[in-house]
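Here are some notes to read alongside the model, for anyone opening it for the first time. Take the points in order and keep the structure open as you go.

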Amino acid sequence: MKSPTDEAHRTAPDAPSAIRLAAVGMCLVGVCYGLARFAYGLFVPAFREDFDLGPTATGAVASGSYVAYCLAVVAATVLTPRLGARRVAVAAGTVATAGTALVALAPTSAVLGAGVLLAGASTGVASPPLAHAVARTVRAARRDRTQAVVNAGTGLGVAVAGPVALVAQDSWRAAWAVFALLAAATTFWAARVVPPARDDGASVPSLLPRPLLPVGAGRLLLGAAVMGLASAAVWAFGLDLLVTEGGTGPTTARLAWVLLGVLGVLGAAAGDLEARLGPARAWTTTTVALAGATAVLALAPGTPALTHPAAAVFGGSYIAMSGLLLLGGTRVYSDEPSAGVGIAFLVLALGQAAGSLALGALASGTGLRTAVLVAAGVGLIGALAPPRTS
């Protein structure tokens, strides 16, 4: 018996090639995640200096970005099957463009925070329509690999953000203006390539998937929450840790961020890794690597020979881990793939929001190194309980 996804693919009109969809999807994820959302941590030292932000305020801004993501991913999950993948994907690019432009123009910390929140919301809008489009238009043999490649766009975006930051140096406004231009260009491309992929009236799902928690969902979402907590420290405070605790120069620290992004692109192999090792071993391997890299950053923030490889490992393992969550979401919620991805990434972001806020408060009292080391410990806990993905 064919699943609704397979039936939709068989009848999908003007479906683009998997390569074209993967390319535009990867770039849209890159501008939304790598530039609009995660580039914030790359510029924390400059924001802290210009707007007098302490660790608690820094963590609160990062946490707010994740909260905005959570609200957006719920909206995108509901709207994608109704409005179609193309419209929602274009909306994601539009929000990313507006958010990054607002950061570039921010005259006060309040406006900066609003821009970061808006930019962060774009990521929540992006994932469900792209996952929906791939599930509905790409043949089963290529589907997992295409999903993983699109998800690896985060690494591509971070890899772009790093060199832009290196060139811009203290001119962070110029860097964010470049991000806004890249987001606008990608939005126009998405409008041309992403298929409509709108479900007909008979197949549009209810507001909540039925069942809400199918077999495997509990473990999947628990893994997402724990790894959200574990990964929040590096995304929000990683570069600041190298500069303030390790005494690393801003240029050298940003090189670590470039490596994080470049190796993050290797997360596109998440589907192949899972096929080779199996879901449980692939999860344990990637999450242990993420926790270990986080611990190295906390223990030796002033040693580039250790921190730069650790940043690279973190990037690759984070993108692979999120790719495994994405694949798990599309399988556990096989009849409603956009809902599965939306729910899994929603819980991941909730964990990151809570982690950014809690670790920022912890850092204010005990220091950044202790807070990041605690996050590494949480990552090891997450590695002990691999989620079921089917």
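1. Let's begin with Thr80, which sits in helix H5 (residues 55-83); helices here are DSSP runs of H or I of at least four residues, numbered from the N terminus. Thr80 counts as buried because its relative accessibility is 0%. The cut-offs are these: buried is under 20% relative accessible area, exposed is over 50%, and partly exposed is in between (1.4 Å probe, protein chains only). A polar atom of the Thr80 side chain lies 2.7 Å from the backbone oxygen of Ala76. For a polar contact, a pair of N or O atoms must be within 3.5 Å; within protein, one must be able to donate a hydrogen and the other to accept it, and residues adjacent in sequence count only if both atoms are side-chain atoms.

2. Before going on, a word on what you're looking at. This is a predicted model, in which local features need pLDDT of at least 70 and side-chain atom pairs count only at pLDDT 80 or more, while totals for chains, interfaces and linings use all residues. Residues are numbered from 1 along each chain as its sequence is written, and side-chain values use heavy atoms, with hydrogens and water left out.

3. Thr294 makes another contact worth a look. Thr294 lies in helix H14 (residues 279-299), and its side chain reaches the backbone oxygen of Leu290 at 2.8 Å. With 0% relative accessibility, Thr294 counts as buried.

4. Next, helix H10 (residues 172-193). Its 22 residues should span 32 Å at 1.5 Å a residue, and the end C-alpha atoms are 31 Å apart, which agrees; the expected span is 1.5 Å times one less than the number of residues. Which residues of H10 are buried? They are Trp172, Ala175, Trp176, Phe179, Ala180, Ala183, Thr186, Thr187, Ala190 and Val193. They cover an arc of only 155° around the axis, so they lie on the same side of H10; the arc is that of the directions from the helix axis to the C-beta atoms. An α-helix has 3.6 residues a turn, so residues three or four places apart point the same way. Leu181, Phe188 and Arg192 are exposed on the other side of H10.

5. How many salt bridges are there? The count is one, taking a salt bridge as a side-chain nitrogen of Lys or Arg within 4 Å of a carboxyl oxygen of Asp or Glu. Arg48 forms a salt bridge with Asp240, and their closest N and O atoms are 2.3 Å apart. This pair links distant parts of the chain, with Arg48 in helix H4 (residues 44-51) and Asp240 in helix H11 (residues 217-245), 192 residues apart. Arg48 is partly exposed at a relative accessible area of 26%, whereas Asp240 is buried at 7%.

6. Two more pairs bring separate stretches of chain together. Val158, in helix H9, is buried with a relative accessible area of 0%. The C-alpha atoms of Val158 and Gly261 are separated by 4.5 Å, though the residues are 103 residues apart along the chain. Val332 is in helix H15 (residues 304-332) and is buried, with a relative accessible area of 9%. The C-alpha atoms of Val332 and Val215 are separated by 7.0 Å, and the two are 117 residues apart along the chain.

Conventions. Helices (H or I, at least four residues) and strands (E, at least two) are DSSP runs, numbered from the N terminus.
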